Amino acid sequence: MRVGIVNDMPLAVEALRQALALEPAHQIAWIAGNGIEGVARCRQDTPDVVLMDLLMPEMDGVEATRRIMAECPCAILIVTVDVEQNVNRVFEAMGHGALDAVNTPALGSGQAQEAAVLLRKIQNIGWLVGPRDGREPGAAHPRECRRSSQRLVAIGASAGGPASLAQLLKQLPADFQASIVLVQHVDEVFAAGMAEWLASESRLPVRLAREGEPPQPGTILLAGTNNHLRLLRNGVLAYSAEPASHVYRPSIDVFFDSLVEHWKGEAVGVLLTGMGRDGAEGLKRMRGRGFLTIAQDQASSAVYGMPKAAAAIGAAVEVLPLDRIAPRLVQVFS
């Protein structure tokens, strides 16, 4: 990975240098001392990933993330002191397209462990945005929706997802009776805070999905750990470390595939903004099973990666702007 660093603190930059040196395959492309310089460097030489601090003079990491994703998109990992104390700023940056967040590794004792966490995040991003082979669109068509007491909306999102999810959920009425399960690429450190934030934006209750419970009608459940969320044969949700081959966790594909295998009622699969292609193949399999599948369109996506991959392989029955997805769900389950 070619790595750009945007950070105004010399000690933090040195800690990042030392951490990246532990993985010889990584190369530092450039170092910028503030957000303005970081945006300019990205325009001139877009790296594979930017390690973005949040708190900087002249232009902070949130605004720099917004501008980079608008002008010269690339993967952005928020690397800042005390992520938990800055969780609101982290969510704001993720709303503009940042993929994840991690504490800045410290120099001295404990450096190796913190560096390992950073390198794992970079490895995950490399998997997420890495090249994938294209596939020809399939010819599967959705079956006629049968009337069922079991109704489920499965939504996957990544970069730009928090803001898109908030916009979608606030459009759903309080009497929406289908179950909703969200799989957002977010570290478990932020999952509980994200559920609380989404609950404040939605007329429906939002909480983390619990091991061993079924999807709940009229309730929004968010995948809440770094393990994959899946539906089991007996209709309950469970977390699993397998398949280990899916490096980015939780995987949207894994959850969509479990619905194809085990869900007995009506279902709609929705794939929102995100980098990479997680969820595209799973959405295609949902379409092949006869479920309605929806992908967010390019114009309303913060990052047109996952929905683009889904559209390219014929996984989406419908490609819709974000503001039309919730009304479509209401129409389907009315």
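Good morning. I begin at alanine A267, which is found in strand β12, residues 266–271; helices (H or I, at least four residues) and strands (E, at least two) are DSSP runs, numbered from the N terminus. The model is predicted, so local features need pLDDT of at least 70 and side-chain atom pairs count only at pLDDT 80 or more, while totals for chains, interfaces and linings use all residues. Residues are numbered from 1 along each chain as its sequence is written, and side-chain values use heavy atoms, with hydrogens and water left out.

A267 has a relative accessible area of 4% and is therefore buried. Buried means under 20% relative accessible area, exposed over 50%, and partly exposed in between, with a 1.4 Å probe and protein chains only. Which residues does A267 contact, leaving aside its neighbours within four places in sequence? They are L152, M286, F291 and L292, where contact means heavy atoms within 4.5 Å. The C-alpha atoms of A267 and A154 are 7.4 Å apart in space, although the two residues are 113 apart in sequence.

Let me turn to the sheet. Strand β12 belongs to an open sheet of 7 strands with parallel pairing, in the order β8-β9-β7-β6-β12-β13-β14. Two strands pair if DSSP finds at least two bridges between them. The edges are formed by β8 (206–208) and β14, each of which has a single partner strand, so one side of each is left without a neighbour in the sheet. On average, neighbouring strands of this sheet are turned by 25° against each other, direction ignored.

Helix α8 lies across β6 (151–157), β7 and β12, and runs at about 160° to β6. Helix α9 packs on the sheet, where it touches β12 and β13, and its direction makes about 150° with that of β12. For these angles, axes are lines fitted to C-alpha atoms, for helices over the stretch in contact, and angles run from 0 to 180 degrees between N-to-C directions.

The next topic is charge pairing. Side chains of opposite charge can pair when their charged atoms come close. The structure holds 13 salt bridges, a salt bridge being a side-chain nitrogen of Lys or Arg within 4 Å of a carboxyl oxygen of Asp or Glu.

Consider α8 and α9 again. The side chains of R285 and D257 meet in a salt bridge at 2.6 Å, N to O. R285 lies in helix α9 (residues 280–289) and D257 in helix α8 (residues 252–262), so this pair ties together parts that are 28 residues apart in sequence. R285 is partly exposed at 39% relative accessible area, and D257 is also partly exposed, at 26%.

How far apart are the closest N and O atoms of D187 and K121 in their salt bridge? The distance is 2.5 Å. D187 lies in the loop between β7 (179–184) and α7 (188–201), and K121 in helix α5 (residues 111–129), so the pair ties together parts 66 residues apart in sequence. Both partners are buried: D187 has a relative accessible area of 9%, and K121 one of 4%.

E318 is buried at 18%, whereas R328 is partly exposed at 22%.

Strand β1 (residues 2–6) is joined to β3 by 4 bridges, and they run parallel; the bridge partner of G4 in β3 is V50. A further 4 bridges join β3 to strand β4 (residues 75–80), which also run parallel, and here V50 stands opposite I76.

Thank you.
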